[in-house]
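Open the structure in a viewer and keep the selection panel at hand. Each stop below says what to select and what is there.

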Amino acid sequence: MLLHITTMHAWNEAKQTGWLSTESIAAEGFIHCSYDTQVLTPANERYSGRDDLHLLVIDPNLVTAKIVVEDSYGSGNEFPHIYGPLNTDAVRTIVPFPRGKSGSFENVPDIYSTTPPPAQPDDKDWTWVLDRPCPDCGADVGALSLVEIAHFNRKSAARWAKLMQEPEDWVRTRPEPQVWSPLEYACHVRDVYRLFGERLDLILDQDNPTFANWNPNTTATQQRYDLADPATVAVEVVAAAEELAAEFELVTPDQLQRKGLRSDGAAFTLQTFARYELHDPEHHLWDVTGEQSLAGA
Ligand SMILES: [Zn+2]
């Protein structure tokens, strides 16, 4: 793997176009990279005192530009250089690159274990949460009105946004190799809000629609939840929850018994659909924090 020292800002800009460019391309013709055994040297020489650095972990086999390993400055060390803009799909992951206790860069982050495999698929059927409180997260959704559900969704999303402001080491770290990081969970919750918004539209627009299947794990891998920017996700999760909550508030009593069918045949009324939805962000808050926020609500 090649490492490139960058900032989340530069990475976010690169993702918009699919290409990372650096000033060094114009000045020297290439993008500076290092191997993991080397990266502390340029970090301390060129980025002394910086607290906003991240490392891009780049798969050299996926880089479209030419890579030359060379000793450009007669330092006695050969570094890998990418001659041209870097295609962002060659980036396997991005990890925080903090300074050590001395104020210098002392440790190379573990770049290998942070390239995540899919999380353990959650195959459980959660429809029972409509009938009894969840023994884990404590959510008791079975009697909530849509106005209450809208309210609690906004509260959940606000908590997710707040969690995204925790130290990035925690936000990005999987507690177990097969368990999503808080960031990955937050992306999932954002996408659940969006998905249920789309399904709500179907229920309102069509008679007894069947929802397309959705695989959260595939989505997480394809969308690279692990590479998301926590600050951006914080904004997105609140916006997605707000959109869904506002729609729930507009549902009229005569619409509550409209139906939707999951692809496995499970039938929801709009009422049970909304209660079922609320359990997801609540349960994942418990997954991440261990706190029960909706117990006895
Ligand atoms: Zn639960």
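**Before starting**

This is a predicted model, in which local features need pLDDT of at least 70 and side-chain atom pairs count only at pLDDT 80 or more, while totals for chains, interfaces and linings use all residues. Residues are numbered from 1 along each chain as its sequence is written.

**Whole protein**

Show everything as a cartoon. The protein has 9 helices and 10 strands; these are DSSP runs numbered from the N terminus, with helices being H or I of at least four residues and strands being E of at least two. Along its principal axes, the C-alpha trace spans about 75 × 40 × 30 Å. Of the 297 residues, 34% count as buried. A residue is buried if 20 or more other C-beta atoms lie within 10 Å of its own, exposed if 12 or fewer, and partly exposed in between, with C-beta atoms placed from the backbone.

**The two domains**

Next, colour residues 2-96 as domain 1 and 126-289 as domain 2; these bounds come from an automatic or database domain assignment. The C-alpha centres of the two domains lie 37 Å apart. Where they touch, 5 residues of domain 1 are in contact with 6 residues of domain 2. Two residues are in contact if their C-beta atoms, placed from the backbone, lie within 7 Å.

Which elements supply at least two residues each to the side of domain 1 that touches domain 2? Select helix 1 (8-17) and strand 8 (91-96) to see them. The largest share, 3 residues, comes from strand 8. This side of domain 1 divides into 3 nonpolar, 2 polar and no charged residues. Ala, Val, Leu, Ile, Met, Phe, Trp, Tyr, Cys and Pro count as nonpolar, Asp, Glu, Lys and Arg as charged, and the others, Gly among them, as polar.

**Helix 6 and helix 9**

Now select 182-205 (helix 6) and 270-289 (helix 9). Their axes come within 10 Å and cross at roughly 175°. Axes are lines fitted to C-alpha atoms, for helices over the stretch in contact, and angles run from 0 to 180 degrees between N-to-C directions. The two helices are therefore roughly antiparallel, a term for angles over 145 degrees. Show side chains at the contact: Y185, V192 and F196 are among those from helix 6, and F273, P281 and H284 are among those from helix 9. By class, this contact has 10 nonpolar, 2 polar and 3 charged residues.

Stay on helix 9. Of its 20 residues, 15 are buried, so helix 9 is largely enclosed by the rest of the structure.

**Helix 8**

Select 230-250, which is helix 8.

**R159**

Finish at R159, in helix 4. Is R159 buried or partly exposed? R159 is partly exposed, with 18 other C-beta atoms within 10 Å. Leaving aside neighbours within four places in sequence, R159 is in contact with L285 and S293. R159 and P281 are 122 residues apart in sequence, yet their C-alpha atoms are 9.9 Å apart in space.

Note on methods. Parallel < 35°, antiparallel > 145°, perpendicular 65-115°, else oblique. Expected span 1.5 Å × (residues − 1).
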